[in-house]
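Student: Could we go through this structure by question and answer? Please start with the chain as a whole and then turn to its parts.

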Amino acid sequence: MAEVERFDAFISYAHIDAPWVSKLADNLHRLGLDVWLDQWEMVAGHQVATRLQDGLTKAGAVVAVVSRSWVESGWCGEEFAAAVTAAVEHGKPLIPVVVGEVELPPFIASRFYVDFRHAASPAQYESLVRQLAQAVRGQPSARRP
């Protein structure tokens, strides 16, 4: 029997944000996470909805890159709905990552999220990527003294 492929995280994002998300996914990969990113997993001819659902199912956590375009996207809304169901039914972490100028919808604002909107330096960006990687692993961002 073939082994089922698993991923640490599935990234949901609006395609207009692809360059930023690709860099984020690459940085998470460098930190040892196996990331499901449509650019890396899908090829021409795949059924989009089927492949997205497969990726969501195989991922241990869902990272939703929340931008203005993501909030307005129908596809991202569908991915988010599936992720919320997985979070409720299976305890799968749903981790919002906020980028750009966006008013947070209540269903995002009520969750603890990683906020990249004010990362003004490479060091701040790297610190947030590490915080996100820890969240995907289910680890808090700081240790007790």
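Tutor: The model is a predicted one. Of the 145 residues in the protein chain, 39% count as buried. The chain exposes about 8600 Å², and carbon and sulfur atoms supply 53% of that area.

Student: How many helices and strands are there in the protein chain, and in what order do the elements run from the N terminus on?

Tutor: The protein chain has seven helices and five strands. Starting at the N terminus, the elements run β-α-β-α-α-β-α-α-β-α-β-α.

Student: Among contacts with a separation of 6 or more, what percentage comes from residues 24 or more positions apart?

Tutor: Here a contact means heavy atoms within 4.5 Å. Of the contacts in the protein chain with a separation of 6 or more, the share from residues 24 or more positions apart is 65%.

Student: In what order do the five strands form the sheet, and which are the edge strands?

Tutor: The sheet is open and its pairing is parallel, with the order β2-β1-β3-β4-β5. An edge strand pairs on one side only, and the edge strands are β2 (35-36) and β5 (114-115).

Student: How many bridges join β3 to β4, and which residue is the bridge partner of Ala64?

Tutor: β3 and β4 run parallel and are joined by five bridges. Val62 stands opposite Leu94 in β4. For Ala64, the bridge partner in β4 is Pro96.

Student: Which residue of β3 is the bridge partner of Ala9?

Tutor: β1 and β3 also run parallel, and five bridges join them. The partner of Ala9 in β3 is Ala61.

Student: Is β3 largely enclosed or open, and how many of its residues are buried?

Tutor: Buried here means under 20% relative accessible area. β3 is largely enclosed by the rest of the structure, because the number of its eight residues that are buried is seven.

Student: What distance separates the end C-alpha atoms of helix α1?

Tutor: Helix α1 covers residues 18-30, which is 13 residues. At 1.5 Å a residue they should span 18 Å. The model agrees, as the end C-alpha atoms are apart by 18 Å.

Student: Why are the buried residues of α1 placed on the same side, and which residues are exposed on the other side?

Tutor: In α1, the buried residues are Ala18, Val21, Leu24, Ala25 and Leu28. They cover an arc of only 125° around the axis, which puts them on the same side of α1. The exposed residues on the other side are Pro19 and Arg30.

Student: Which element gives the largest share of the largest nonpolar core?

Tutor: This core has 25 residues, of which Ile11, Leu28, Phe116 and Leu132 touch the most other members. Two or more residues come from each of β1 (7-12), α1, β3 (59-66), β4 (94-98) and α7 (122-136). The largest share is six residues, given by α7.

Student: Leaving aside neighbours within four places in sequence, which residues is Leu28 in contact with?

Tutor: Leu28 is one of the buried residues of α1. With those neighbours left aside, its contacts are Ile11, Leu33, Val35, Val129, Leu132 and Ala133.

Notes
Residues are numbered from 1 along each chain as its sequence is written. This is a predicted model: local features need pLDDT of at least 70, side-chain atom pairs count only at pLDDT 80 or more; totals for chains, interfaces and linings use all residues. Side-chain values use heavy atoms; hydrogens and water are left out. Helices (H or I, at least four residues) and strands (E, at least two) are DSSP runs, numbered from the N terminus. The expected span of a helix is 1.5 Å times one less than its number of residues. Buried means under 20% relative accessible area, exposed over 50%, partly exposed in between (1.4 Å probe, protein chains only). The arc is that of the directions from the helix axis to the C-beta atoms. Accessible areas come from the Shrake-Rupley method with a 1.4 Å probe; for residues, only the protein chains shown count as cover. A nonpolar core is a set of buried Ala, Val, Leu, Ile, Met, Phe, Trp, Tyr and Cys residues joined through side-chain atoms within 4.5 Å. Two strands pair if DSSP finds at least two bridges between them.
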